[in-house]
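Please examine the sequence and the three-dimensional structure shown below.

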Amino acid sequence: MEIWDREYECMDREVLEQLQLERLQATLHRAYKNVTCYKNKFNQQGIDPDAVQSLSDLSKLPFTTKEDLRLNYPYGMFAVPLREVVRIHSSSGTTGKPTVVGYTKNDIKIWSNLIARLHTAAGVTHDDVVQIAFGYGMFTGAFGHHYGAEVIGASVIPMGGGNTEKQIMIMQDYRTTVLISTPSYAITIADRMEQLGINPKSLSLKHGLFGGEPWSEAMRIEIESRLGITATDNYGLSEVIGPGVAGECTHKCGMHIFEDIFIPEIIDPDTCEVLPPGSVGELVITTLTKEAFPMIRYRTRDITSLDYEKCSCGRTHVRMKKTMGRSDDMLIIKGVNVFPSQIEEVIVAIDGCEPHYQLIVDRKNSVDSLEIHIEVTENIFFDEMKMQRAFIDSIQHKIHSLIGLGVTVKLVEPKSFPRFEGKASRVIDNRQH
Ligand code: DLL
């Protein structure tokens, strides 16, 4: 199996840590010297960047949050003058001002190389025809993957997001072998193919590289079997670089975080303590090479855990588990913490349930409730109310035993819910906060 940057991706941990320390020190100097926000934070806490002499000193440094980026809108966190910035993107946040991120020429080169690594890890080669079904624009997803696939030498189709029938026509006519999109859009495409009577297995598709939102293992199995492809996960966020922070290899046992470029930590989101390897908590990332937009201990809000065991693919970089979601997506219902991805895992694995559902949270007389509406497959037919009742009961029971919360399940007709072209949104919270 190919490894794009063997020298770095398979580095001995000792050598890797030395490289990380050198790059960290350089990053801290640059950030302290050029970004007022970092200078103020360090000064307030009496931290001298020179005092960081080992990787464990990282835990003494202040965190950076989305709020810092908002306060410094638009260019306040840039560490280089605008004339050195060759690209500007922004995050997909839905409320308030977006956060603006910038890249120098060298940042773009490194970013493209990271994507080349993750594409190679997922099985993409220069022989592939890669269809990018993310929206081109301020979102980092399309441009990030586009440049990386070109570095590999694959033939890139910059299709953009949406227009599902045209996506399918192009897949057929241009003999697309790799689809790049959100996992929920892959399901939308599979549904549409089914409606059009097209057998996905008659196409040339081999691999799907999906990311941009949380998705369960059950969803992976669903996508792989319906589209007849291998589906791998890749993770990133605009504030840190975009896609290209981490990606799965074909062993599909967690996403390798490119540790020569980023240092990951897992913290307890409440106490902010750094947690030992293997613990579940919030992912915090420090960038090691970024010139235009260095991030020091950025709180991603994504909940995951890290596995430092060496992967059988030969890469030494740590693997992050599929995220459970963002801490801000976590629902607290009757005091129980629930991630939508946990519920998805149950629903998608049930025969007769479609991977289309909505979670409706309500509060009546100060009591929270969670109602789950699930589309059933066309062919599911209950000639007896009793059978339908038993089906619903079994779903409710499965969810209850997994998350410890009583829920009400309602079955709805196929195609009741909107289909997603980008990131999915499946929660309706009617409680007043
Ligand atoms: O979504 C970057 C990206 C694009 C990654 C395409 C992969 C593919 P933002 O729009 O800034 O950037 O959103 C970042 O999306 O903090 C996570 O909560 C979520 N996210 C991204 N990838 C994954 C993933 C891009 N593979 C936010 N699994 C992050 C779970 C993901 N969540």
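Which residue places a backbone N or O atom 3.0 Å from a nitrogen atom of the ligand? The residue is G212. The model is predicted, with local features requiring pLDDT of at least 70 and side-chain atom pairs counting only at pLDDT 80 or more, whereas totals for chains, interfaces and linings use all residues. Residues are numbered from 1 along each chain as its sequence is written, and side-chain values use heavy atoms, with hydrogens and water left out.

The side chain of D233 has an N or O atom 2.8 Å from a nitrogen atom of the ligand. An oxygen atom of the ligand, in turn, lies 2.6 Å from a polar side-chain atom of D302. The protein buries 96% of the 610 Å² that the ligand exposes when taken alone; these areas come from the Shrake-Rupley method with a 1.4 Å probe, and for residues only the protein chains shown count as cover.

The shell around the ligand comprises 23 residues, of which D233, N234, S238, D302 and K423 come nearest; a residue is near if one of its heavy atoms lies within 4 Å of the molecule or strand. Strand β7 (230–237) gives the largest share, five residues. At least two residues each are supplied by α6 (140–152), β7 and β8 (242–248). These elements are DSSP runs numbered from the N terminus, helices being H or I of at least four residues and strands E of at least two. By class, the shell has six nonpolar, 11 polar and six charged residues. Here Ala, Val, Leu, Ile, Met, Phe, Trp, Tyr, Cys and Pro count as nonpolar, Asp, Glu, Lys and Arg as charged, and the others, Gly among them, as polar.

The structure also holds two cavities of 30 Å³ or more. A cavity is a set of points, on a 1 Å grid over the protein atoms alone, where a 1.4 Å probe fits but cannot get out, and its lining residues have an atom within 4 Å of a point. Grid points are joined across faces, edges and corners, and the volume is the space filled by probe spheres set on the points. The largest cavity has a volume of about 60 Å³, and its lining includes Y357, F417 and S425. That lining divides into four nonpolar, three polar and two charged residues.

The second largest cavity, of about 30 Å³, is lined by residues including S184, I187, T188 and P355. Helix α8 gives three residues, the largest share of this lining. Because domain 1 (6–328) and domain 2 (336–429) both contribute to the lining, the second largest cavity lies between them; the domain bounds come from an automatic or database domain assignment.

Two backbone details remain. Y73 and P74 are joined by a cis peptide bond with omega of about -5°, and P74 sits in the loop between α4 (66–71) and β1 (85–90). R297, a residue other than glycine, has a positive phi near 50° and is found in the loop between β11 (281–287) and β12 (298–304).

Key. 1 Å grid on protein atoms, 1.4 Å probe; cavity = no way out; pocket = protein on both sides within 12 Å on 5 of 7 lines; lining within 4 Å. Polar contact = N/O pair within 3.5 Å; in protein donor to acceptor, adjacent residues only side chain to side chain.
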